Amino acid sequence: MEPAFQNPALLWRNPTRKASYDVVIVGGGLHGLATAYYLAKNHGIQNVAVVERGWLGNGNAVRNTTIIRSNYLREESMPLYELSLKLWETLAADLDYDMLFDPRGVLALAHTKAEANETRRTVYANRLHGIDAEWLEPEEVKAFCPILNISRQVRYPVVGASLQRRAGIARHDLVMFALARGASARGIDLLQGCEVTGFRIVDNRVHAVETSQGAIAAGTVALAGAGRTPLLARMAGLDLPIQSTPLQALVSDGLEAVLNCVVMSGLLHVYVSQAKNGGLVMGAARDNYVSYAQRGSFNILEWQIQAALELYPIMSRAHMLRTWAGIVDVSPDASPIIGRTPVENLFVNCGWGTGGFKATPVSGFVYAHTLAHGKPHALNAPFSLERFETGALVDEHGAAAVAH
Amino acid sequence: MLLITCPCCGPREENEFRYGGEGVAIPTEADERTWARFLYYRDSPAGLFTERWVHTHGCRQWFLVVRDTLTHEISATSRLDEAPP
């Protein structure tokens, strides 16, 4: 296996653009790169370009909190995210590149009776679907994560938690390097600094993408633009039920190892893990307004840190080193939209909102299948754009909407 | 934190408000497509955006804000019973 932290400049080719490709993927983030990789690996489709307006992985790939888990609630969601977790478990070997996937366990705290009931319901649903899940009482939570404050004398006491032991974190930039390297080695052209400015659509069928480097003819165009999806869709004359908002996160200075797992609190909107370099990585709630500015409002961070200090008094002397925001594409039911659009040969994969990182492998896996066959894989069939007209929503709000 | 000028109460901090996004009129015809658009589809533009906010911890009035989604700069606010900004 290749060592981690190899110079990324040597990991993929920087090819000259061809005039035409079978598939053009718009967006060189994790999902776009995973899609390209699986198109080549699983379907033998190698005449593919990934066009990226900046450099590879410069958007949410480097702005997330790297949490990986599969304990969703809905019957449509569970198999999708569980396959993702299974793919994560072998992804490093598959790509022959270590990405520090670390299944250290994810705790999801419950703070109220209602939340405890809802969390138990999810635990039982997960078990019925073969997904590992446990319910822990407060003392068991404390034993698993000793720095947690389980006092009852606080505003939001810990009344229990679910635990998924196979869940964890990975190193986001290594994931990006590994996927780019894997895709490039399979003949896929990764075109950086190539911003899409329009789509050539004739008789409701897309034929080419217009880019800052000129037009590129395409048999199939696959959007993978995350937060910029509404802007891409507008260029194609397409309406999507997606709003883009900031999602903030922060990291502390490097500390000794104090936190051995990932702890999420959906009610308090605070998700904490400790990175390999000792920094405490925390994710916050979304800023609810539409934005493309890649920054959010300070009150969100303030609220998040208040909650963190109550849960982890030990963090009171930590320093906030950096804060940042990614722009997340949020769908009305907090589930992704993966599939065809009303425009022929134009496909969309968006709406992963606040939880796209964990889905990287499965997103690429099912999207590549959808592109190769012109119709969805069984796993992403429920996640069609049509569901907003039929009413067959996959409502992960409450169960997962903030707690990604 | 955004500083939002409520048309009734004056400039207040963002956390006194809740966000409403694009205002959408209730459709009179309700085929599935129209109904889906009314329920779920909201504009998400880059640049100037006329959006609704409500002053939850103040006068509780909904009003319109013109805000640049690239810079967060607010250029105008107005009451719903006024001409839109």
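Tutor: A polar contact is a pair of N or O atoms within 3.5 Å, and within protein one of them must be able to donate a hydrogen and the other to accept it. In this predicted model, 11 residue pairs are in polar contact between chain A and chain B, both residues being at pLDDT 80 or more.

Student: What makes the meeting of A:Asp239 and B:Arg37 a salt bridge?

Tutor: The cut-off is 4 Å, from a side-chain nitrogen of Lys or Arg to a carboxyl oxygen of Asp or Glu. The side chains of A:Asp239 and B:Arg37 give 2.2 Å, N to O. The pair therefore qualifies, since 2.2 Å is within 4 Å. Across the interface of chain A and chain B, the rule finds 3 salt bridges.

Student: Which elements of chain A give two or more residues to the side that touches chain B?

Tutor: They are α6 (229–235), β12 (243–254), α7 (298–311) and α9 (387–390) of chain A. The most comes from α6(A), with 3 residues.

Student: How much area do chain A and chain B bury between them?

Tutor: About 2100 Å², of which 53% is on carbon and sulfur atoms. Of the area that chain A buries against chain B, 28% is supplied by A:Tyr289, A:Val290 and A:Glu389, more than by any other three residues. The contact takes 25 residues from chain A and 24 residues from chain B.

Student: Why are β3 and β6 of chain B said to stand at the edges?

Tutor: The open sheet of chain B has 4 strands in the order β3-β4-β5-β6, with antiparallel pairing. β3 (18–21) and β6 (74–79) each have a single partner strand, so one side of each is left without a neighbour in the sheet.

Student: What makes β12(A) and β16(A) a pair?

Tutor: The threshold is again at least two bridges. β12(A) and β16(A) have 10, in the antiparallel sense, so they pair. A:Leu247 has A:Gly326 in β16(A) as its bridge partner.

Student: Where in chain A is the pLDDT below 50?

Tutor: Chain A averages a pLDDT of 94, and 96% of its residues score at least 70. Residues 399–404 of chain A are below 50, although this stretch has 20 contacts in the model beyond near neighbours in sequence. Where pLDDT is low, the predicted coordinates should not be read in detail.

How values were computed. Residues are numbered from 1 along each chain as its sequence is written. Chains are lettered from A and ligands numbered from 1 in the order in which they are written. Side-chain values use heavy atoms; hydrogens and water are left out. pLDDT is the predictor's confidence in each residue, from 0 to 100. Contact means heavy atoms within 4.5 Å. Buried area is the accessible area (1.4 Å probe) that two parts lose on being put together, summed over both. A polar contact is a pair of N or O atoms within 3.5 Å; within protein, one must be able to donate a hydrogen and the other to accept it, and residues adjacent in sequence count only if both atoms are side-chain atoms.
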